[in-house]
Amino acid sequence: MKRVKRVQIENYLRGFGLAASVALRKKQKRKLGPSQDFADLSAEELRGALRSISSLEELEGLANRKRHLSADHLRGWSAEQVKIIMERKVELSTRAEIERGDVIL
C-alpha cells in the first residue's frame, strides 16, 4: 500500500515537471497528556519555571497570559503565585537596572 501511495505521489509531481523522490514517514503513535497550565504548578514548581524567564517582557506575557491568549478559560493566579511572580519581577528589574548602571552598589 505504501509503495503504491509513494508511486502515485511521485507520478503526480512528475506531471508538474518535477523530478521528485518521495519518502513517507511512519505514523508516530504518541500519547499526549493534558497540557499543564502555570497556575496549576505548586509554589516551588512555579519558582523553578520562572527561573528560566530572563526578561521583563516575557514575565509580563506569562503573568497576563489570559489576556494575551484571549483564553478566559484559564484559571487565575493564587495570591501566593502572584507574590512569587512579583518577586521575580523585582529580581529582573534590579538586574536590568544594574546592567544599565542605574544602581550604585
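On one side of helix 5, Ala79, Lys83, Val90 and Arg100 are exposed, exposed here meaning over 50% relative accessible area, buried under 20% and partly exposed in between, with a 1.4 Å probe and protein chains only. The model is a predicted one, where local features need pLDDT of at least 70 and side-chain atom pairs count only at pLDDT 80 or more, while totals for chains, interfaces and linings use all residues. Residues are numbered from 1 along each chain as its sequence is written, and side-chain values use heavy atoms, with hydrogens and water left out.

Helix 5 covers residues 79–100, and its 22 residues reach 32 Å from the first C-alpha to the last, close to the 32 Å expected at 1.5 Å a residue (the expected span being 1.5 Å times one less than the number of residues). Helices are DSSP runs of H or I with at least four residues, numbered from the N terminus. Buried in helix 5 are Gln81, Ile84, Ile85, Arg88 and Leu92. Looking down the axis, these buried residues fall within an arc of 95 degrees, so they line one face of the helix; the arc is taken from the directions from the helix axis to the C-beta atoms. Their cover includes helix 2 and helix 3. After helix 5 comes Gly101, with a positive phi near 85 degrees.

Leu56 sits in helix 3 (residues 56–63). It touches Lys89, Leu92 and Ser93, leaving aside residues up to four places away in sequence; contact means heavy atoms within 4.5 Å. Leu56 and Glu91 are 35 residues apart in sequence, yet their C-alpha atoms are 9.6 Å apart in space. Leu56 counts as partly exposed because its relative accessibility is 34%.

Now for the charged pairs. The whole structure holds six salt bridges, each a side-chain nitrogen of Lys or Arg within 4 Å of a carboxyl oxygen of Asp or Glu. In one of them, Arg88 meets Glu91 at 2.9 Å, N to O; both lie in helix 5, three residues apart, about one turn of the helix. Arg88 counts as buried because its relative accessibility is 8%, whereas Glu91 is partly exposed at 44%. Arg47 pairs with Glu44, their closest N and O atoms being 3.2 Å apart. Since these two are three residues apart in helix 2, about one helical turn separates Arg47 and Glu44. Glu44, Arg47 and Glu87 are linked in a network of salt bridges. Elsewhere, Glu60 forms a salt bridge with Arg67, with 3.5 Å between the closest N and O atoms.
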